[in-house]
Amino acid sequence: MIKKRSGIKPLFPELAEITERDEETIDRLRRRTYLFCFAIIFLFALIVYRLYDLQIQHGQEFEQKAISNRIRIQKLAAPRGQILDRNGEEIVTNRPSFNVVLMREDATDPEMLVKNLAPVLHEEVSTIWDRFREAADTPQHMPVVLKKDIDWQTLAYIESHKNTDFPGVDIQVQPVRVYAYGNLMSHLIGYLGIINKDELEQLAEEERRFASGDLIGKRGLERLREEDLHGEKGELQTVVDSHGFVQERIKKDEPFPGKDIYLTLDAPMQRMVEGIMTKNDLAGAVVVMEVNTGRILTSVSAPELPLDQFIGGISKVNWQALQDNPRNPQMNKVVQATYPPGSTYKMITALAGLSSGVITKDTSFFCPGYYKFGNRTYRCWKHSGHGLVELRRAVAESCDTYFYTVGQKVGVDRLAEFANKMGLGILSGIEMENEKTGTIPSKAWKLRTKREKWHDGETLSVAIGQGFNTVTPLQICLMTATLATGGVRMKPMIIDKIIDIHSGQVKRFSSEVAEQIPLNKDYMDIIRQGMMDVVQGPRGTARRVAIKGLDIAGKTGSAQVVRLAQYKGLKEAAIPYKYRDHAWFTCYAPAEKPEIAVTVLVEHGMHGGSAAGPIARAILQEYFKDRLPPEKGGKAVEAVAPLEEEDAAPPLEEGD
Amino acid sequence: MMKMDKHLLARFDVVLLILVALLCSMGLINLFSGSMSLNAIVHHHGQSPFIKQAVFMTAGFAVCFFVQFFDYQLLQKWNWAIYWAGIVLLVIVDVFGNSAGGAQRWIDLGIIKLQPSEMQKLILVISLASYYARREVADGYGLKDLIKPALFALLPAILVFAQPDLGSAGILLIIALLMTLVAGVRHSTLIPVALIGIIVVVVVWKNVENMDTLLGPYLKAYQIKRIQTVFHPDLADPMGQGYQILQSKIAIGSGGLAGSGYLMGTQAQLRFLPERHTDFAFAVWGEEWGFIGSLFFVGVYMLFLLWGLWIAMRARDRFGVLLAYGVVLMIACQAIINLLMVMASFPVVGVPLPLISYGGSSLLTTMLGVAILLNVRMRCELAPVSARGQE
């Protein structure tokens with residue numbers, strides 16, 4: 001390719017006074033640049049041809065179109081999917097709301113318009129201008145929303161005056177959420193809010209479906225199932241004349257409504273439980289699950305979330321009040337709060353003891369009211385002692401000494417293994433946000449998180465559900481259900497089916513087995529007998545839960561909040577609310593052929609049997625109402641006051 | 001450094017200046033019409049686009065004259081600093097930039113929303129011109145020589161692409177490609193690379209339909225859609241683009257031979273035409289001035305570009321030729337793509353029409369380009385600077 005220097009004739013001889021080599025390379029550059037001239041001329045010829053084609057060849061045609069065809073595109077909002085309970089009872093639906101919008105193309109005198117419109121809408125002039133400015137980046141043919149959800153009076157006034165007084169103003173219909181039962185299932189359902197920039201970017205893949213200003217789910221199922229609930233906007237294309245009057249409708253794509261979600265939950269039962277919690281001013285969580293399918297029938301977190309405050313954006317004051325509320329209404333306590341499992345954990349200790357051969361169903365230990373380990377004394381809740389106890393009675397009467405002994409023999413790692421198998425300390429995979437794992441301690445866990453060696457004394461606390469142990473109410477419910485099924489742990493589910501009304505498509509969700517745990521049937525029997533004695537036995541800790549005609553297997557528990565000597569032995573009323581123990585009650589029924597598991601946690605309720613038990617009893621009564629003999633006096637639960645019976649509030653005492 | 005004597009002034013290119021002034025005036029006249037109804041709304045709440053653009057234009061000319069005091073060789077000297085400053089700005093905009101419609105393109109400086117991707121086009125021209133001027137190869141560049149410039153071009157292109165601004169990223173790559181071709185590539189390198197390039201394009205073109213699954217994990221759906229549109233305009237019609245194109249075609253077409261008259265274009269005035277003061281500015285011109293006016297407009301534009309190339313050919317050294325050629329290339333490829341896009345002969349990619357479309361960053365970048373052309377022309381008879389000594 002190297003040409004001889006003489007082969008190149010300089011394009012601009014008058015400039016060729018540089019060194020020979022430079023001149024040569026520069027001139028080669030100039031030559032290629034010269035070629036580029038032809039490329040430009042060619043492309044501009046193409047442009048001129050295209051101009052000729054559009055303006056001369058087809059000019060007449062386009063002129064006609066310009067006169068008659070002025071296309072306007074309007075978006076039609078899609079109603080969001082509804083949320084219904086297992087029997088199709090509507091829980092969250094929509095109603096139409098009316099927004100005032102402005103077609104900027106038709107606003108002949110925006111300044112005047114805004115001045116006239118502001119008082120009608122009860123808004124400041126500057127607020128309306130702000131809406132204008134926010135929409136500055138959107139294409140001109142898109143309407144600007146001036147005010148949302150106007151009342152009927154305003155609607156009537158604007159409808160009758162829009163063509164005369166407010167050129168360019170129109171009314172757009174947009175569906176908004178209606179909560180049929182107020183805050184029912186508030187934590188589970190969640191609420192909506194205006195899409196923010198990050199979310200818009202994240203959802204940009206759905207460009208057609210999400211636009212700025214849209215409402216999307218911010219929490220709960222509304223957020224998790226946004227895809228299904230959102231629907232797809234429709235589009236109306238009309239031809240308008242130069243005054244903005246509609247001449248002809250070109251195309252109307254109807255909006256696709258969002259899909260309807262049918263929950264596994266039972267609205268009447270949920271309503272009853274939420275009612276009890278509210279009426280008695282209780283904080284805590286209640287879970288009811290079908291043991292064989294994993295379907296959640298009730299999921300209550302109290303106090304409830306005030307959904308109505310979130311419609312159209314929550315105010316600062318209300319938000320701050322929610323944040324500051326010591327009882328945490330923001331939290332879905334079913335999966336987001338963790339508590340020590342207390343005595344409900346003793347089933348794990350029993351199972352681990354039996355399975356590892358440390359004890360048999362007949363192994364007895366003597367309970368003098370305390371257990372000595374090293375130079376420390378660990379107290380049983382019953383200071384006078386249980387005497388000689390075997391496993392069944394130990395469960396029934398929640399004997400701490402018995403489980404200290406078993407726990408110490410089994411070791412913390414084996415306890416943790418069984419706890420995890422039964423669903424404690426692991427994520428259940430339920431469709432709820434921010435599910436917490438909780439903590440099931442093991443030697444490795446302590447080394448990893450605290451960088452300390454495990455002390456054998458700590459195993460004793462763990463064995464009775466205190467110490468480092470923390471679990472969610474849902475986990476305790478799963479553990480109970482797994483005990484009921486004899487080792488089949490189901491994945492908890494809250495959605496039964498999703499129906500696409502538009503296509504008629506039904507997506508059904510089927511039960512999934514999370515883990516099949518090989519457990520000896522004899523062990524399960526003995527634990528069940530112990531749990532039945534808790535309710536039905538003469539000295540059980542939850543005798544008051546008993547229902548005539550129904551065998552219930554249950555367990556009470558107290559989760560220590562603080563371990564302060566100064567509150568020891570004090571009467572309940574003397575202990576400040578926030579230092580009182582949490583009360584657990586968990587059970588399944590019928591004991592022989594289990595159908596449902598019920599778990600109740602009452603924050604600072606002190607006693608499982610008296611505070612949590614009656615709520616579970618009400619649930620069982622409601623669920624089995626058709627199969628139970630009529631109760632004498634028909635006494636339902638009304639007060640949740642503590643009774644005389646003392647529950648296992650394990651006074652763990654450090655020796656000197 | 002401040003060398004400005006009679007000799008230099010004698011070479012001041014009045015023709016280029018007149019052509020640019022003519023184009024700028026047409027741009028302003030057009031913008032006034034295109035943004036007239038917009039003025040009413042923004043009236044109380046910010047500067048009207050017309051006033052803003054006029055201010056930028058004045059500033060642009062002032063900068064243009066001021067820059068003439070310095071020899072363009074300085075650009076070669078400072079090339080690295082300029083390059084990295086551009087990259088830093090792009091990184092800033094990617095991380096902190098103000099987003100418009102999901103894309104981050106601006107740094108808000110109060111008076112001006114700086115769009116570094118515009119400036120980057122000129123910076124790339126300077127960088128590549130410097131590189132090729134310093135490293136000259138007798139029989140064209142081989143593959144090894146091209147690795148470095150490829151990296152120069154890819155780094156900003158990727159940063160711009162990430163904003164995401166597909167249009168500007170594409171322009172950067174076109175500039176790099178065409179500057180390299182003119183700088184000279186060895187035949188033994190050019191032919192295989194071109195073949196591979198053609199094969200890649202064909203393979204991609206054949207697989208447009210499967211692109212969703214192939215690129216799904218790496219790109220956003222609308223970006224894939226845009227790539228699909230470039231290769232296969234009929235396959236995907238991203239929301240709104242069909243409407244824009246149709247309205248633009250109606251506007252230009254309805255102009256006919258003589259146009260509907262200034263400020264009389266119904267399409268533009270009644271706001272059926274979206275983006276009519278930015279990317280679709282020429283549609284307003286076409287409607288109001290018709291075929292005759294458009295021919296005049298396009299003719300002046302072509303003359304301006306060809307005059308720029310003539311300046312490039314007369315430059316006194318390698319750097320001068322490459323620099324001036326690069327500036328023309330930068331303006332030409334944007335203008336041609338924009339004009340074809342507005343007339344529905346090219347997919348909508350969001351490329352402005354330099355000197356005409358509303359937008360401060362694009363205008364200032366183009367004016368700096370014009371300043372470089374004037375500068376190269378003015379110093380074409382000075383003693384040439386040998387670039388090899390600087391390596």
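User: Is A:Ser398 buried or exposed?

Analyst: This is a predicted model. In it, A:Ser398 counts as buried, because 32 C-beta neighbours lie inside 10 Å. The cut-off for buried is 20 or more.

User: Where is A:Ser398 in chain A?

Analyst: A:Ser398 sits in the loop between helix H14 (391-397) and helix H15 (400-410) of chain A.

User: What about the phi of A:Ser398?

Analyst: The phi of A:Ser398 is positive, about 55°, although the residue is not a glycine. Most residues other than glycine have a negative phi.

User: Which residue besides that one has a positive phi of about 50°?

Analyst: A:Asp149 does, and A:Asp149 is not a glycine either. Its loop runs between strand E4 (144-147) and helix H5 (152-161) of chain A.

User: How many C-beta neighbours does A:Asp149 have inside 10 Å?

Analyst: A:Asp149 has 14, so it counts as partly exposed.

User: Peptide bonds next. Which bond has omega near 0°?

Analyst: The bond from A:Ala302 to A:Pro303, which is cis. A:Pro303 belongs to the loop between strand E12 (296-302) and helix H11 (316-324) of chain A. Most peptide bonds are trans.

User: And which one has omega of about -10°?

Analyst: That is the cis bond joining A:Ala589 and A:Pro590. A:Pro590 is in the loop between strand E22 (582-589) and strand E23 (596-602) of chain A.

User: Now A:Asp85. Where is it, and is it buried or exposed?

Analyst: A:Asp85 is in the loop between strand E2 (83-84) and strand E3 (90-102) of chain A. It is buried, because 23 other C-beta atoms lie within 10 Å.

User: What does A:Asp85 touch, leaving aside its neighbours within four places in sequence?

Analyst: With those set aside, A:Asp85 is in contact with A:Ile91, A:Leu263, A:Leu265, A:Asp266 and A:Ala267. As for A:Leu297, it is 212 residues from A:Asp85 in sequence, while the two C-alpha atoms are 9.4 Å apart in space.

User: How about A:Arg249, buried or exposed?

Analyst: A:Arg249 counts as exposed, because it has 10 C-beta neighbours inside 10 Å. This residue is in strand E9 (residues 246-253) of chain A. Its C-alpha atom is 4.3 Å from that of A:Thr238, which is eleven residues away along the chain.

User: Stepping back, how many helices and strands are in chain A?

Analyst: Chain A has 21 helices and 23 strands. It has 656 residues, and 43% of them count as buried. Of its contacts with a separation of 6 or more, 73% are between residues 24 or more positions apart.

User: What are those figures for chain B?

Analyst: Chain B has 17 helices and three strands. Among its 391 residues, 50% count as buried. For contacts with a separation of 6 or more, residues 24 or more positions apart account for 71%.

User: Pick helix H4 of chain B. How far does it reach?

Analyst: H4 (residues 49-67) of chain B has 19 residues and reaches 26 Å from first C-alpha to last, close to the 27 Å expected at 1.5 Å a residue.

User: Which residues of H4(B) are buried?

Analyst: B:Pro49, B:Phe50, B:Lys52, B:Gln53, B:Met57, B:Gly60 and B:Cys64 are. Looking down the axis of H4(B), the buried residues fall within an arc of 155°, so they line one face of the helix.

User: What is on the other side of H4(B)?

Analyst: The exposed residues there are B:Thr58, B:Ala62, B:Phe65 and B:Phe66. An α-helix has 3.6 residues a turn, so residues three or four places apart point the same way.

User: How many residues of H10(B) are buried?

Analyst: Zero of its 20 residues, so H10(B) is hardly covered. H10 (residues 187-206) of chain B should span 28 Å at 1.5 Å a residue, and its end C-alpha atoms are 28 Å apart, which agrees.

User: Last topic. At what angle do H7 and H8 of chain B pack?

Analyst: H7 (residues 116-134) and H8 (residues 143-161) of chain B pack at about 175°, with axes 10 Å apart. That angle makes H7(B) roughly antiparallel to H8(B).

User: Which residues make the contact?

Analyst: From H7(B), B:Ser117, B:Gln120, B:Leu124, B:Ser127, B:Leu128 and B:Tyr131 take part, and from H8(B), B:Lys148, B:Pro149, B:Phe152, B:Ala153, B:Pro156 and B:Val160. The contact residues of H7(B) with H8(B) comprise eight nonpolar, three polar and one charged.

Key. Residues are numbered from 1 along each chain as its sequence is written. Chains are lettered from A and ligands numbered from 1 in the order in which they are written. This is a predicted model: local features need pLDDT of at least 70, side-chain atom pairs count only at pLDDT 80 or more; totals for chains, interfaces and linings use all residues. Axes are lines fitted to C-alpha atoms, for helices over the stretch in contact, and angles run from 0 to 180 degrees between N-to-C directions. Helices (H or I, at least four residues) and strands (E, at least two) are DSSP runs, numbered from the N terminus. Angles under 35 degrees count as roughly parallel, over 145 as roughly antiparallel, 65 to 115 as roughly perpendicular and the rest as oblique. Two residues are in contact if their C-beta atoms, placed from the backbone, lie within 7 Å. Ala, Val, Leu, Ile, Met, Phe, Trp, Tyr, Cys and Pro count as nonpolar, Asp, Glu, Lys and Arg as charged, and the others, Gly among them, as polar. The expected span of a helix is 1.5 Å times one less than its number of residues. A residue is buried if 20 or more other C-beta atoms lie within 10 Å of its own, exposed if 12 or fewer, and partly exposed in between; C-beta atoms are placed from the backbone. The arc is that of the directions from the helix axis to the C-beta atoms.
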